[in-house]
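Welcome! Here is a short briefing to read alongside the structure, taken one topic at a time. Keep the 3D view open as you go.

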Amino acid sequence: MPRIINVLLVTSLILIPALILTSCSSESGPRQKQIPDIVDFNFHIKPILSDRCFTCHGPDANTREAGLRLDTEDGAFAALGEDKDHHAIVPGIPDSSTILDRLTTDNPDEIMPPPASNLTVTEYEVALIRRWIEQGAQWKKHWAFTKPERPEVPAINNPDWANNPIDNFVARRLQQESLQPSPEASPEVLLRRAKFDITGLPPTIEELDAFLNDESPDAYEKALDRFFASPDYGENMAIDWLDASRYADSHGYQDDLERTMWPWRDWVIKAFNENMPYDKFVKWQLAGDLLPEPSMEQLLATGFNRNHKITQEGGVIDEEYRVEYVADRTHTTGTIFLGLTMECARCHDHKYDPLTQKDYFEMFAFFNNVPEQGVIPYGDESKAPKPKIKMSVDDASRMLPFITELKDLDSLEFMIMEDMKEGRQAYILGRGQYDNHQDSVSAGTPSFLPGMTDNLPRNRLGFAEWLISPENPLTARVAVNRIWQSLFGTGIVSTPDDFGNQGALPTHPELLDWLAVEFRESGWNVQGMQKLIMMSAVYRQKSVASEEHLERDPENQLLARGPRYRLPAELIRDNALAVSGLLVKKLGGPSVKPYQPEGLWAETTSLQGLRRYVIDSGDKLYRKSLYTFWKRTLPPPAMMTFDAAARDLCSVKRQKTSTPLQALVLLNDPQIIEASRVFAEKLLKNEALEDTDKLKHAFRKITSRLPDEQETQLLHQILADNIEKFSGAEEDTKAFLAVGEATYDEDQDLPKLAALTVAVSAIFNTYEAVMKS
Amino acid sequence: MEKELLEFNCSLNRRHFLSKMSVGIGSLALASLLNPKSLLGKEKESNVASGITGILDSPHFAPKAKRVIYLFQSGGPSHLELFDYKPLLRERNGEELPDSVRNGQRLTGMTSGQDSFPLAGSQYDFQQHGKSGMWISELLPYTAKIADELCVIRSMYTEAINHDPAITFFQTGSQQPGRPSIGSWLSYGLGSMNENLPGFCVLLSRGTGRPQGQPLYSRLWGNGFLHSLHQGVQFRSGKDPVLYLKNPPGVSRTDRRQMLNSLTQLNEISHQKFGDPEIVSRIAQYEMAYRMQTSVPETMDLSSEPESVFRMYGPDSVVPGTFAANCLLARRLIERDVRFIQLYHMGWDQHESLPSQIAGQARDVDQASAALVLDLKQRGLLDDTLVIWGGEFGRTNYSQGKLTKTNYGRDHHPRCFSIWMAGGGVKAGFTYGKTDEFGYNIVENPVHVHDFHATLLHLLGIDHEKLVFKHQGRRFRLTDVHGHIVKDILA
């Protein structure tokens, strides 16, 4: 068997994990599974070694047993101990490979993994390892740690189907699995999908009609371009970035006082709207202050690294928390830019990845020179702890001209990054503890990755340059994977926060690399990358799952159908605001306080803390959800119910659950009732519309499609039931209509208005109203 | 076989199964509510009526407790005034804390600058109670009466010295936020026993000792990286006991049922159109929400409780939102088979005016805590219900601020403190662990927070090393990589 196997050949033979692991219960054991003809180290073997063996035979020398390490080629093939005749792995000779004996012995003292670890290796996995050894035990570097090269675009059977190379990669996989791609989604579905993805808002009826009537071949592309050009784009893009950057309006510990970081949030929106290249976006946020003669805007961008929690708790040791903040920056940087779980290497060498504790503290050292306090004072100081910048209204208006509230302010003060002239000495901290100084270290990048070139300064700016250099194997992959995730619900790597040995394998490795290289070579063009993906036939497929799809690929990893998943928390509320006409479109400015159940803050907050949640009135009630005030110790409850990130830590992936509490929010949240009523009143006032048309119109506006006859009938049923209910029940009618601040015309058929409100709210509660499909 | 894998495959099969259905999903939805196993044909009798099914097929060993009520005393109650009798401190009242005792121990920033660390003896007397002669303070007369039910641990210790990290540590096993709370782990592991109420309920109250003095954080009952179904649901006094529970004004329960019937049909049509198994789950969620709309107010409504019960729990128990009323609610939730009920009583942070403040705090909780234990016992529920009482750390034996004849304060003290447990599987009338004569260091049987968690899980039939969730490539546990079961306290 040749030691070098063509990459394309290998990946073409890879079965994705979902299809390999098809046993159905722990009792029945693995169902018969086919061992692939060619076993690949990265895709079949290393996941087993990493998950079940590395804890004791991996990178961390302090916990390594029997001197055996299986995370490096040398280690895995080395002779065992004193005994020169024994080897864990002997390429080509399974019978001489002691690893197989240890994995299969009946002796409880010999069996690996040891019973105390609560880990086991299945028969199938042993068979995989055996086959791999038979085939010569070819070792490979971890896929994500080698520089991506642009792979050749594969030829496919159905070239006409492909719109761009993305489709070739996906179609090739589908062909191997004998699956057919789905046909293109209907224009309504497609427009809804695209508009939510780009702007976070549903298409209007006018947009739907125009799109349905536009027969020009580039109708879809024109629609995309229009959406990209709208300022809604930047707001929608900001949502994920705020999660990743753990943005909040409060400090996050104990009394959890207010902070002013919204100018940074608005800069993010602006940067996305300008389609700032990702490399510049990264550089400014990591090191804007270190650029030559930094502009106000470049300084503002560095607020990114100050979004972590900060404590005010009396009695806390300052240095302990200062170290915690530096650690937070290190972890956030690791997750967001490198897809590395840096935090695992804070107390000891990483158990799975080649990251040493020294690597950790060398990277830590980049973020360790900020003239900051661990414990910040109460009072005005706390809104913008040092280092900070004070900006005049004029400067702010020049930089963020879209913020209309600026004229009401004297000046703006917010946190930024700064390095002290004399840097702090960084140390390896024993067990990660702030006062346990061990060897001193200086700033540096993880030693297993290509190093910083000599010309780069050893500070955050140099670090940022290193991140975006073409030699860095991770940055582009991690970024395009997140873009992909934002459009398909799941990344090509389904663990966007972990590209290491324990992370998920890419479902389409070559596609990921192709996209990564394309992204970098396009000048890190974010919109360009999004548009490329959205123009693909893959993205434009119908998302209805057939029986075969559900059977063969329930998670849609092969992409034989389009994306379908629940909208994020923000977009569910924004959809209701938008279709009802309540939405106030205004960019940026201080965070707002929409409806929230009474007394929640006071119940858990001390006298010093943010106790009073005073619900705003007027326009501020109806801003997009990304502007809702974020108090970390008690985040907006309705949004948390829909899996918004808590913003305590960097988070690059949200859950998409469905729970009874979500039903309660959609049924009873005054925001939804009010939006239903405002929408219902518009329908009622439109005398040109028959009742049936009113209901159809409402359904279409909320779900972007017309209801069928059965559905229309059911909506009629709701309307009729409730007209009956509210007629003559004046008190109930008035009480129901009084929900929400928006007023209504009392001189109309109020029972009917109430009934129509119920019908509209029912539509907001349907499956399709909360889905992107 | 790996649990994660099992979970993955279960979901795969569930989806597969559901995709085969096109009719009658409404009735099926109910049975399948969050209970993938019933769809796998793996249904067990005990699971039929249950809500959320846990990841464990069955407990690792026979559980001693099925349910837990955790009466968390937030702020750090002083062990020296409540459970850990130290006559030496009175004898040497005002003398300096010997260096040999302090032994370089870290202090908080609130007292590390003090010139003097005068020992402060308790202003309150202790007496021995019950068959075991357990020392309990005069501040807790009702608790003293149930001494024979209590298992007091006097040798708890923690790693954190400030509230936020210490409470977060106690509730999640980690000082920094982001991990699931105890109740979430239990929900994830064991599932829920009730299909009308959440399996993990949270009740808050404020103490009179230091009113408004202290915050809490909703992350303490958060699900961290576990599924949101496992998050704690706060039950509040007042008109909307669970957020968004109440129908809008003017909409009755009948109206709501009618609308939901039509909505279910709309969703069924969607299911036919799109074949997404999530729709079945969604229908079930709406049904549970609907049931909660009656089961929650019914549980919160104390009007059916006889006068004798209110007398037992004390005068506060008629005032909604007090600790006493919450204890009574906890008993009602236990009766309805809610697995984990987490109470928080705030205000135990006596940096100053300790003698007067702590008297109020103790009065807030003493009668109702004891009544809860007795009430459960009378109803035959104490055998398989574990009640826990305690805070996040203890307090210093020296005075924070000036020591006078009648007044002193105490700073945070993580090195030793006392908690108690009662019922489900712990020894009754038993005292465990010992501190030195100064009430400063542990001299016998130290119990770390991780040990406490390991023991708690053990009592519920869970091996703490085997209840894991893989997140970011690492297997997380409530006990991280630590924890030993405190076997000596097991009945």
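Chain B has a mean pLDDT of 89, with 90% of its residues at 70 or more. There is one stretch to treat with care: over residues 1–50 of chain B the pLDDT is below 50, and this stretch has 83 contacts in the model beyond near neighbours in sequence. Please remember that this is a predicted model. Its scores are ipTM 0.91 and pTM 0.90.

**Where the two chains touch**

- In chain A, 78 residues are in contact with 71 residues of chain B.
- On the chain A side, the elements giving two or more residues are α23 (547–552), α25 (600–604), α27 (660–668), α30 (709–726), α31 (730–737) and α32 (750–764).
- Of these, α27(A) provides the largest share of the side of chain A that touches chain B, with 8 residues.
- Sorted by class, the residues on that side of chain A are 32 nonpolar, 29 polar and 17 charged.

**A helix pair in chain A**

- Look for helix α14 (residues 278–287) and helix α19 (residues 460–467) of chain A, whose axes come within 9 Å and cross at roughly 160°.
- Angles over 145 degrees count as roughly antiparallel, and α14(A) and α19(A) are therefore roughly antiparallel to each other.
- The crossing of α14(A) and α19(A) is right-handed.
- From α14(A), the residues Val282(A), Lys283(A), Leu286(A) and Ala287(A) meet Arg460(A), Leu461(A), Phe463(A), Ala464(A) and Leu467(A) of α19(A).
- This contact between α14(A) and α19(A) has 7 nonpolar, no polar and 2 charged residues.

**A helix pair in chain B**

- In chain B, the axes of helix α10 (residues 253–274) and helix α11 (residues 278–300) come within 9 Å, crossing at roughly 170°.
- That angle makes α10(B) roughly antiparallel to α11(B).
- On the α10(B) side, the residues in the contact are Arg256(B), Leu260(B), Leu263(B), Thr264(B), Asn267(B), Ser270(B) and His271(B).
- They meet Ile279(B), Val280(B), Arg282(B), Ile283(B), Tyr286(B) and Tyr290(B) in α11(B).
- By class, the contact of α10(B) with α11(B) holds 7 nonpolar, 4 polar and 2 charged residues.

Technical notes:
Residues numbered from 1 in each chain as written. Chains lettered and ligands numbered in written order. Predicted model: local features only at pLDDT ≥ 70, side-chain atom pairs only at ≥ 80, totals over all residues. Contact = placed C-beta atoms within 7 Å. Helix = DSSP H or I, 4+ residues; strand = E, 2+ residues; numbered from the N terminus. Nonpolar A, V, L, I, M, F, W, Y, C, P; charged D, E, K, R; others polar. pLDDT = per-residue confidence, 0-100. Axes fitted to C-alpha atoms, helices over the stretch in contact; angles between N-to-C directions. Parallel < 35°, antiparallel > 145°, perpendicular 65-115°, else oblique. Left-handed = near helix turned anticlockwise from the far one by under 90°.
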